[in-house]
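Here are my notes for a first look at this one. Keep the viewer open while you go through the points.

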Amino acid sequence: MAEPCEHFNGIGAVEPQTRGCQECLALREPWTELRVCLTCGHVGCCEDSKHAHALQHYNATGHPLIASLERGQNWAWCYVDRRYFDPMPIARPRRRSWLAALLKRRSTTRPG
Ligand SMILES: [Zn+2]
Ligand SMILES: [Zn+2]
Ligand SMILES: [Zn+2]
């Protein structure tokens, strides 16, 4: 199995922040596939999607690692090293926890 790159040292367990691409949801645009940032849990669309928000997130933040959120896919990608990790060497963020995370967030009072 491929050795994880150094960037895996900088990440922890993340929860996907949203149930779809955050930016596409705001724009009401469709996407093709979803990727999750392994640094902060940002959910963005893949490079086959119209807006490639996962890539835009990397360009904006420098967060190096993403994973696929698609069912049956268990790979990660490092933008810095341009390397695939399949299967990814850490626990994959779980889709199932989205709802719980959203409910948790809604129950805490936050402006907006
Ligand atoms: Zn790397
Ligand atoms: Zn998007
Ligand atoms: Zn991020």
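1. A quick definition to begin with: two residues are in contact if their C-beta atoms, placed from the backbone, lie within 7 Å. On that basis, among contacts in the protein between residues at least 6 apart in sequence, 47% join residues at least 24 apart.

2. Some housekeeping. This is a predicted model, in which local features need pLDDT of at least 70 and side-chain atom pairs count only at pLDDT 80 or more, while totals for chains, interfaces and linings use all residues. Residues are numbered from 1 along each chain as its sequence is written, and chains are lettered from A and ligands numbered from 1 in the order in which they are written.

3. The overall layout: the protein has three helices and five strands, and from the N terminus on they run α-β-β-α-β-β-β-α. Helices (H or I, at least four residues) and strands (E, at least two) are DSSP runs, numbered from the N terminus.

4. Now the sheet. Five strands form an open sheet in the order β2-β1-β3-β4-β5, with antiparallel pairing. β2 (43-45) and β5 (83-85) stand at the edges with a single partner strand each, so one side of each is left without a neighbour in the sheet. On average, neighbouring strands are turned by 30° against each other, direction ignored. Strands pair here if DSSP finds at least two bridges between them, and axes are lines fitted to C-alpha atoms, for helices over the stretch in contact, with angles running from 0 to 180 degrees between N-to-C directions.

5. Have a look at β3 (residues 65-68). Three antiparallel bridges link β3 to β4 (residues 76-78), and another three antiparallel bridges link β3 to β1. Which residues of β3 are buried on its two faces? L65 and A67 are buried on one side, I66 and S68 on the other. Buried means that 20 or more other C-beta atoms lie within 10 Å of the residue's own, exposed means 12 or fewer, and partly exposed is in between, with C-beta atoms placed from the backbone. By that count, 29% of the 112 residues are buried.

6. Helix α2 (residues 53-61) lies across β1 (34-37), β2 and β3, at about 120° to β2. Its buried residues are H53, A54, H57 and Y58. Seen down the axis of α2, these fall within an arc of 150°, so they line one face of the helix; the arc is that of the directions from the helix axis to the C-beta atoms. They pack against α1 (22-27), β1, β2 and β3. The face of α2 turned away from them carries the exposed N59 and A60. Just after α2, G62 has a positive phi of about 75°.

7. On to the core. A nonpolar core is a set of buried Ala, Val, Leu, Ile, Met, Phe, Trp, Tyr and Cys residues joined through C-beta atoms within 7 Å. The largest has 21 residues, and L34, V36, L38, C45, I66 and A76 have the most contacts inside it. β1, β2, α2, β3 and β4 each give two or more residues to this core.

8. One last stop: G41, in the loop between β1 and β2. Is G41 buried or partly exposed? G41 counts as partly exposed, because it has 16 C-beta neighbours inside 10 Å. Its C-alpha atom is 8.5 Å from that of P93, 52 residues apart along the chain.
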